[in-house]
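Thanks for coming, everyone. I'll keep this short. Let me put the structure up.

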Amino acid sequence: MNYFIRDLEKAISDEWTAYYFYKDLKQRTNNPLYVEFIEHAKKDEKEHYEMFQYLHYLFTGEYYEHKKEKIEYTTFKEGILRALKNELEAAEFYRNLLLEMPNKQAYNPLFIAMTDEMEHATRFSTIYNSLR
């Protein structure tokens, strides 16, 4: 259970970081399709953050006070590549968390987040490939 809580806390921090990263990234383009794809991912990341905080509360009785990190990047293309890599890593991380879950309450939030991250990776890959 301790490993699961530790990884859940990492997920909470990562989702918060991704939300603010996508908020910034979205402001660096005026392409309507890019804006739509980034906004979709940003919205999902906020939902994941809230689901994971709720799970943390269910397991520990408290919400997690996470460190607030910022992803640095210089160009839009660099940001999209970072987003793509982060989403692929997150999908794998959530798959592994699913295998560690201490009870069935964690299944739905983790499965939703894992599949959303794969969808985000597809969206960011589409953007990245169109920037070449």
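**Helix packing and salt bridges**

Let's begin with one side chain. Lys-42 is buried, with a relative accessible area of 11%. The cut-off for buried is under 20%, so Lys-42 falls inside that class. Please keep in mind that this is a predicted model.

What does Lys-42 pair with? Its partner in a salt bridge is Glu-39, at 3.5 Å from N to O. Both sit in helix α2, three residues apart, so about one helical turn separates Glu-39 from Lys-42. Is Glu-39 buried or partly exposed? Glu-39 counts as partly exposed, because its relative accessibility is 27%.

As a reminder, side chains of opposite charge can pair when their charged atoms come close.

Next, another pair in α2. Lys-43 forms a salt bridge with Glu-47. The closest N and O atoms are 3.2 Å apart. Here the spacing is four residues, again about one turn of helix α2. Lys-43 is partly exposed, at 45% relative accessibility. Glu-47 is partly exposed too, at 35%.

Now over to helix α3, residues 76-100. Which salt bridge do Arg-95 and Glu-92 form? Their side chains meet at 3.8 Å, N to O. The cut-off is 4 Å, so that distance of 3.8 Å counts. Arg-95 and Glu-92 are three residues apart in α3, about one turn. Arg-95 has 40% relative accessibility, so it counts as partly exposed. Glu-92, at 43%, is also partly exposed.

Some of these bridges link up. Lys-26, Glu-39 and Lys-42 belong to one network, joined by salt bridges that share partners. How many salt bridges does the structure hold? The count is nine.

On to packing. Take α2, residues 32-60, and α4, residues 107-130. Their axes are 10 Å apart, and the packing angle is about 160°. Angles over 145 degrees count as roughly antiparallel, so α2 is roughly antiparallel to α4. The crossing of α2 past α4 is left-handed. What is in that contact, by class? There are 13 nonpolar residues, five polar and six charged.

Then α2 against α3. Those axes come within 13 Å and cross at roughly 35°. This crossing is left-handed as well. Which residues meet? From α2 we have Tyr-34, Ile-38, Glu-45 and Phe-52. From α3 we have Phe-76, Ile-80, Glu-87 and Tyr-94. By class, the contact of α2 with α3 has six nonpolar residues, two charged and no polar ones.

One last stop, in a loop. Where is Asn-31? Asn-31 lies in the loop between α1, residues 2-26, and α2. Asn-31 is partly exposed, with 26% relative accessible area. Compare its position with that of Glu-78. In sequence, Asn-31 and Glu-78 are 47 residues apart. In space, their C-alpha atoms are 16 Å apart.

To recap. Helix α2 runs roughly antiparallel to α4. Helix α2 also crosses α3 at roughly 35°. That's it from me. Over to you.

Methods
Residues are numbered from 1 along each chain as its sequence is written. This is a predicted model: local features need pLDDT of at least 70, side-chain atom pairs count only at pLDDT 80 or more; totals for chains, interfaces and linings use all residues. Side-chain values use heavy atoms; hydrogens and water are left out. Axes are lines fitted to C-alpha atoms, for helices over the stretch in contact, and angles run from 0 to 180 degrees between N-to-C directions. Helices (H or I, at least four residues) and strands (E, at least two) are DSSP runs, numbered from the N terminus. Angles under 35 degrees count as roughly parallel, over 145 as roughly antiparallel, 65 to 115 as roughly perpendicular and the rest as oblique. A crossing is left-handed if the near helix is turned anticlockwise from the far one by less than a right angle, and right-handed if clockwise. Ala, Val, Leu, Ile, Met, Phe, Trp, Tyr, Cys and Pro count as nonpolar, Asp, Glu, Lys and Arg as charged, and the others, Gly among them, as polar. Buried means under 20% relative accessible area, exposed over 50%, partly exposed in between (1.4 Å probe, protein chains only). Contact means heavy atoms within 4.5 Å.
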